[in-house]
Amino acid sequence: PKTDIVFLKVHKSASSTVMNILFRFGEMHNLTFAFPIGGGNQLFYPRHFLARFVEGFSPSSPRRFNILCHHMRFLQPEVHKVVPSSAFYFSILRNPVKLMESSFAYYKGASAFSRVRSLEEFLRQPYHYYNPTDGDRHYARNLMTFDFGFNPDGEVSAERVKLMLKAIEASFDLLLISEYFDESMVLLKEMLCWDLDSVVSFPLNIRDSSTKSPLSDTVVEKIKEWNRLDWEIYTHFNRTFWERIDRDIGRERMQREVKALRERQGELARTCLQGMGSVAPKHIKDSSLKPLQHGSARILGYNLKQGLDKETERMCRRLVTPELQYSSALYKKQFAQNLP
């Protein structure tokens, strides 16, 4: 199994669920994480990543970490300094239309969104609200482009798009697609030589559907146009994703693997969860399992069954612990000797 991993955590793209998978694998195999200095959940985002943002990194004795997965704005030469050169690089993408709808609900406080009532209103005259010099502008335009380290306001010429896609392909071994999450996990498992249980998960940091609004065709087209660079990234890597499945796994085997993954997930849900699924924040009984609530989104969580034996309880708890709590527990564990 591969143990040296860089995951570029792209916003609002099922990346918290992927992070839970990496946290669990790292914890089970006693791996080291490249944590932000002082803990926390972002590597000084939205600045470009620098090696010195990592707790325990020092240029004089370049210590290598196994897993780098916290929010960062990608900058490969700096990433190279903190992980082994053989590390496996991957990320996950999401349809920019859904991504923008989610971003609007989640980052309602961002400068570009704070003065508008709806996404439609914003898209009618985006430059009325959007200022390319605002420090949080990236939440409102080409968010994936930004996270990969590029300029979200760059011109959309065929030449520029080609260079950007080439650069991403040169840096990353695999790009997953969040709309095909189960297929993505099967592909990831294959590439990392992991077993099925390592990639099983329950969806984390997801929104209650009551805060989601259907979008008209006009709005969908406007979103694609406004996020043209993201759209180019997404359509290109959605295509190569399926090409890779056809080449490395084949559709029939993929169907069997996805079925096995879903069956195992169902089994774990029956073992671990009260009521089998996610619940609204106000119904989460254990406060340590409550996810952070953000913007106008209502983020769902889980209740564990009572009376589980110790080992099962520990396994189930790992599956449903929200990102911030899990990260903080792993940070304390890794730096236990340094903490006062």
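Which cysteine does a disulfide join to C272? The partner is C316, with an S to S distance of 2.0 Å. The structure is a predicted model, in which local features need pLDDT of at least 70, side-chain atom pairs count only at pLDDT 80 or more, and totals for chains, interfaces and linings use all residues. Residues are numbered from 1 along each chain as its sequence is written, and side-chain values use heavy atoms, with hydrogens and water left out.

The structure holds one disulfide, the term being applied to a pair of cysteine sulfur atoms within 2.5 Å. The link of C272 and C316 is left-handed, with -70° about the S-S bond. Helices here are DSSP runs of H or I with at least four residues, numbered from the N terminus. C272 is buried, at a relative accessible area of 0%, and C316 is likewise buried at 0%; buried denotes under 20% relative accessible area, computed with a 1.4 Å probe on protein chains only.

C69 is in no disulfide, and the nearest cysteine sulfur, that of C193, is 20 Å away. C69 is buried, with a relative accessible area of 0%. C193 is in no disulfide either, its nearest cysteine sulfur being that of C69.

Pockets were located on a 1 Å grid over the protein atoms alone, a pocket being an open set of points where a 1.4 Å probe fits, with protein on both sides within 12 Å along at least five of seven lines; lining residues have an atom within 4 Å of a point. A volume is the space filled by probe spheres set on the points, which are joined across faces, edges and corners.

The largest pocket has a volume of about 930 Å³. It is lined by 46 residues, of which K12, S16, L204, N205 and I206 are the closest to its centre. Helix 1 (15-28), helix 3 (96-106), helix 8 (181-192) and helix 14 (323-334) each give two or more residues to this lining, and the largest share, five residues, comes from helix 3. By class, the lining has 20 nonpolar, 17 polar and nine charged residues. Nonpolar covers Ala, Val, Leu, Ile, Met, Phe, Trp, Tyr, Cys and Pro, charged covers Asp, Glu, Lys and Arg, and the others, Gly among them, count as polar.

The second largest pocket has a volume of about 280 Å³. Among its 14 lining residues, R24, M28, D197, S198 and M315 are the closest to its centre. Helix 1, helix 9 (196-199) and helix 13 each supply at least two residues of the lining.

How values were computed:
Buried means under 20% relative accessible area, exposed over 50%, partly exposed in between (1.4 Å probe, protein chains only).
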